[in-house]
Amino acid sequence: MGKFQLFPVQASTLAPEVDHLLYFLLAVSVFFTLLIFGAIFFFAIKYRRRSEGELPHVQHTGYTLEIVWSVIPFGLTMVMFTWGASIFFNASKPPNDAIQIYAVGKQWMWKLEHMEGQREINELHIPVGRPVRVTMASEDVIHSFFVPAFRTKQDVVPGRYSTTWFTPTKTGKYHLFCAEYCGTRHSGMIGWVYVMEPADYQNWLSGGAAEGSLADNGKKLFESLACNNCHKEDNTGRCPNLVNLFGKQVQLAGGGTVKADEAYIRESILQPQAKIVAGFEPVMPTFTGLVSEDQVLQLVEYVKSLGPKPAAGAIDTGTSSQGRPGAPPAIPAKR
Ligand code: CUA
């Protein structure tokens, strides 16, 4: 398969940062390996036993030497730590204007969904030069979303959402792997990321046979599961009104609050008894086994689309060329 490459291409803003840190670690390791092995051979020869009766004379170690070889490695490891931690923190905080993509890992494929409703299997199309946030769930076991060209690798753990983000810097076609052994066909759980010029991406988005946006599909599902019988928008239902819920603090029965984020909404669908909203009875049945992770994502997007609209951290879907950072999602909330 083509020519041998020591490193994958650098195709994201993160890639050079990770590589520079790696070069530094490599240089430090090579330097000390050579220094230590050189010293071993040098001293072994210099202080070898020259005659049968020769006895070593007693040496006292100097404090200066002790301090020097403690302080220098300490300084070096602190450089490694702060450098690595700063890259890690940067790589774990997606910017607010990132394009939102959802990924569901299952044995043995990646299902990827765009906010506009385009679904892909083992393929992801994204525009160059825009940050992309991927929110991931697993249908079964642990998988890991790995794009070597972006230097991005994030475990996808069943029962929770994990997130990764990157800004692609070069158009092209890059490997997508599963980097966590997940069963017999783990090695076949591979795909491609296509980084496109923004105009090509717009064409791709409009050309795709979308079956309605994620939020639209969530609304349909919400109705077909009869959620709207209890979650009424006029506060007369037996269950909480979901309008303007997302991102707010929710008062719980028995005290305490919880932020209505993606994880909370997912839990409330799958384990409704886990957190009961103050003033409500625990009457909601569980939907575990009735809805798949992609359907949960659709429901989450539907709840998000119910507002509040331009909340801090709102996700710009990037569908529109006028898309300014922080613009409200281009989703019709209601029909
Ligand atoms: Cu999924 Cu390995």
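Analyst: A salt bridge is a side-chain nitrogen of Lys or Arg within 4 Å of a carboxyl oxygen of Asp or Glu. This is a predicted model, in which local features need pLDDT of at least 70 and side-chain atom pairs count only at pLDDT 80 or more, while totals for chains, interfaces and linings use all residues. Residues are numbered from 1 along each chain as its sequence is written, and side-chain values use heavy atoms, with hydrogens and water left out.

User: What makes the pair E262 and R133 a salt bridge?

Analyst: The side chains of E262 and R133 come to 3.3 Å, N to O, which is within the limit, so the pair qualifies. Side chains of opposite charge can pair when their charged atoms come close. R133 lies in strand β5 (residues 132-138) and E262 in helix α5 (residues 262-270), so the bridge ties together parts that are 129 residues apart in sequence. Helices (H or I, at least four residues) and strands (E, at least two) are DSSP runs, numbered from the N terminus.

User: Why are R133 and E262 called buried?

Analyst: Buried means under 20% relative accessible area, exposed over 50%, and partly exposed in between, with a 1.4 Å probe and protein chains only. R133 has 19% relative accessibility and therefore counts as buried. E262, with a relative accessible area of 15%, is buried too.

User: Which residues are linked with R133 and E262 in a network of salt bridges?

Analyst: The network links R133, E262, E301 and K304. The side chains of E301 and K304 meet at 3.1 Å, N to O, and this distance is within the salt-bridge limit. Both E301 and K304 lie in helix α6 (residues 293-305), 3 residues apart, about one turn of the helix. E301 is buried, with a relative accessible area of 2%, and K304 is buried at 13%.

User: What is stated about the backbone of R151 and of N122?

Analyst: R151 has a positive phi of about 55 degrees although it is not a glycine. N122 likewise is not a glycine and has a positive phi of about 55 degrees. N122 is found in the loop between β3 (119-121) and β4 (123-127), and its relative accessible area of 18% makes N122 buried. Another backbone feature is the cis peptide bond that joins Q107 and W108, with omega about -5 degrees. W108 lies in the loop between β1 (99-106) and β2 (109-114).

User: How are the domains of the protein chain assigned?

Analyst: Domain bounds come from an automatic or database domain assignment. This gives domain 1 (1-48 + 94-211) and domain 2 (214-305). Their centres, taken over C-alpha atoms, are separated by 32 Å. The contact, meaning heavy atoms within 4.5 Å, takes 17 residues from domain 1 and 15 residues from domain 2.

User: How much area do domain 1 and domain 2 bury between them?

Analyst: Buried area is the accessible area (1.4 Å probe) that two parts lose on being put together, summed over both. Domain 1 and domain 2 bury about 1400 Å², 47% of it on carbon and sulfur atoms. Y102, E113 and Y161 supply 43% of the area that domain 1 buries against domain 2, more than any other three residues. The count between the two domains is 1 salt bridge.

User: Why is I40 called partly exposed?

Analyst: I40 has 48% relative accessibility and therefore counts as partly exposed, since this value falls between the two limits. I40 is placed in helix α1 (residues 14-46). K232 is also partly exposed, at 32% relative accessibility. The place of K232 is in the loop between α4 (214-224) and β11 (249-251).

User: Why is L205 called buried?

Analyst: L205 has a relative accessible area of 7%, and this makes it buried. L205 lies in helix α3 (residues 198-207). Its C-alpha atom is separated by 7.3 Å from that of Q118, 87 residues apart along the chain.
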